[in-house]
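I opened this entry to record a few local features, taking a sheet, a charged side chain and a helix in turn.

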Amino acid sequence: MNAPSLRQLVDCGIHETAAAKILELLQRPFANSIDCWQQLTRDVLTPNQPFALHQLLYRIVFSDSNFGDSDFGDSGAPAWIPSEEDIQSANVTALMRDLELSSYQDLHEWSAKNRSQFWERMIQKLNIKFRKPHHQFANLKNAEKPEWLIDARINIAESCFQAPENQIAIVFQSEEEDWRHIWTYGKLNAVSNQVANGLVRAGFKPGDAIAVALPMTAEAVAIYLGIVKAGCVVVSIADSFAANEIQTRLKIANAKAIFTQDEVFRGGKRLSLYSKIIEANAPQAIVLCRHECFLTLRPDDRNWEQFISKNPRFHAVAVSPDSPTNILFSSGTTGEPKAIPWTQTTPIKCAADGHLHQDIHPGDVVAWSTNLGWMMGPWLIYATLINRGTIALYDGAPTTRDYGQFIQTAGVTMLGVVPSLVNTWKTTGCMAGLDWSAIKTFSSTGECSNADDMLYLMSLAGYKPIVEYCGGTEIGGAYITGTRIQSCIPATFTTPALGLDFVILDETDRPSTEGEAFIISPSIGLSTTLLNKDHHQVYFADIPTLSESDVFLRRHGDRIERLPNGYYRAQGRHDDTMNLGGIKVSSAEIERVLNSLEAVAEVAAIAVPPAEGGPCQLVIYTVPVPGFAVTAIELKSQMQNTIRQQLNPLFKIHDVVIVEALPRTASQKVMRRVIRDRYRSVGQKTLMR
């Protein structure tokens, strides 16, 4: 083997004695690179060692030609390989046994070809509760608007309470506190019933839209489920939004009331939330207070104690399966966000993905730093509770060591992340030395991953797999992901989601190994309506057709590459919508707020992946107003402040480029793809001035 030198190993930050032992191990005969790597991760590499050592050994092991099977090339090399125990204990394997299928490939093929049978099987496995059973499982004649569970009556919140009453449903901690709060399934059920009774007593009717603008707390989960139990519709609003963005969402959804909080505590700072609700001209607010409440409320507003019923029993309102439970928002190609209703069946997609892909078992502890304003908030509720797990919630910044300590003490077994968060952990080293050995699986979503960052994440828990998870609000989960029975190559996907399939088409609309991903409809989870846009125009109009095929394609907008080994890699958005910090936002939304600056004549916002891979970075091209002497550095400061105040403080500008004019088509549309190509080819140093 072309082993590293003693000096290389010592330079990684380890003692010479330890370095000598590693060199001795590397000289042993191994059948192949994978066997060598498994021995290293089992006997040598620990989370306490410098990541530079992990990185060096990973690269050397999988670049050594002496093994004959190495030189993995652009496809990457497996950093985790499932053991026989991993495979046999996985929920996916149990489903394969039930169906008498011998391989995962057979399972996916069966699930994609037999949509009705697959989803009927999953509803049985998840033990979804019905008040009245369906007389026909599905009518799939219209792939744009399929019908599921025809004539059934259901309230999906009832399926969230199948675990024993004394089992822990939520473990919760605030960054202000040193102790954890425990809610059992019995308590969560009772409080959500009190919320539902409070809504009925206040005069709200089934079908009314009730907004929630809260941090992700135990009370927020109870409020969410209580609204659903009452037959009302949750309007999801992130507590980080500016007042005008809150107002936009309330108006689109026609919200009748809003649950909110007096303030939030982030990074040692108290930030008023209720004042933003007032500025947004919100309807009646039910206000929770973090400690003692000293607020002066508007005349029609009520505090939590005044609102909540003392009655812990409620008979959930049963409705049709296509009734909405939740309105979530996702950016399109215009400034106004798309309003996407989730129905009673959408949570079944969340729970099925969690069961099969994240491999959530009863008693597992699931954490994902998120918010009810984004789809992963409701996803976390349904995927965990329907699978009888425990939700781990931390009210505070996930970029701190305190968050890592919470993950450790809560015994988290499935940890969800956004790639940019992992990059922060890696850069700051804030998670070094923690015991994350309870973690069985990581899952990553929201942005394109960087292989080095994902290898680092795996190393924090002694090498556990990462299930990459890519989809959207309009899917209720993922269309491409991974499993715990397939080897994990950092920053790659292994499979289309079970019950779904997709094709990759190039710019000539022909099947290809690289291009735009189109989902093959139908499936439970896929949206069928939008509140404020034409659903057909957004997802189905002018869709290419495959010759000699009867498949029905649905636009999604991601660029995907199928690698030579059959795995997949995400390449970002095909259109002008971008993911920043795990949040989907359109170029138009960013440009709208920046065009208000006095020095700006026009702007174009683009997202550019770093050369080394990883989450996309926000770059602003701007044409200044003639006569304004302003530098890119000055503009960047002004623009960042404007985005923080008017859009979202989580959106960070990477670079500002001043140009004389923006490239446009003959019809005067800005050619953002040309701008992206120019930025990649010229680079930051040349352009910034």
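I looked up the sheet and found it open, with 3 strands in the order β19-β20-β21 and antiparallel pairing; strands here are DSSP runs of E of at least two residues, numbered from the N terminus, and two of them pair if DSSP finds at least two bridges between them. β19 (470-472) and β21 (495-496) stand at the edges with a single partner strand each, so one side of each has no neighbour in the sheet. Between β20 (residues 477-481) and β21, which run antiparallel, I noted 2 bridges, and Thr 481 has Thr 495 in β21 as its bridge partner.

The model is predicted, so I kept in mind that local features need pLDDT of at least 70 and side-chain atom pairs pLDDT 80 or more, while totals for chains, interfaces and linings use all residues. Residues are numbered from 1 along each chain as its sequence is written, and side-chain values use heavy atoms, without hydrogens and water.

Next I turned to Arg 554, which lies in strand β24 (residues 552-562). Arg 554 is buried (under 20% relative accessible area, 1.4 Å probe, protein chains only) yet has no salt bridge (a side-chain nitrogen of Lys or Arg within 4 Å of a carboxyl oxygen of Asp or Glu), the nearest side chain of opposite charge being Glu 474, 5.7 Å away. Its side chain does make a polar contact with that of Ser 527 at 2.7 Å (N or O atoms within 3.5 Å, one able to donate a hydrogen and the other to accept it).

Last, in helix α22 (residues 672-682), I listed Arg 672, Ile 675, Arg 676 and Tyr 679 as the buried residues. Seen down the axis of α22, they fall within an arc of 100°, so they line one face of the helix; the arc is taken over directions from the helix axis to the C-beta atoms, and a helix is a DSSP run of H or I of at least four residues.

Key: Buried means under 20% relative accessible area, exposed over 50%, partly exposed in between (1.4 Å probe, protein chains only). Lys and Arg count as positive and Asp and Glu as negative; His and the chain ends are not counted.
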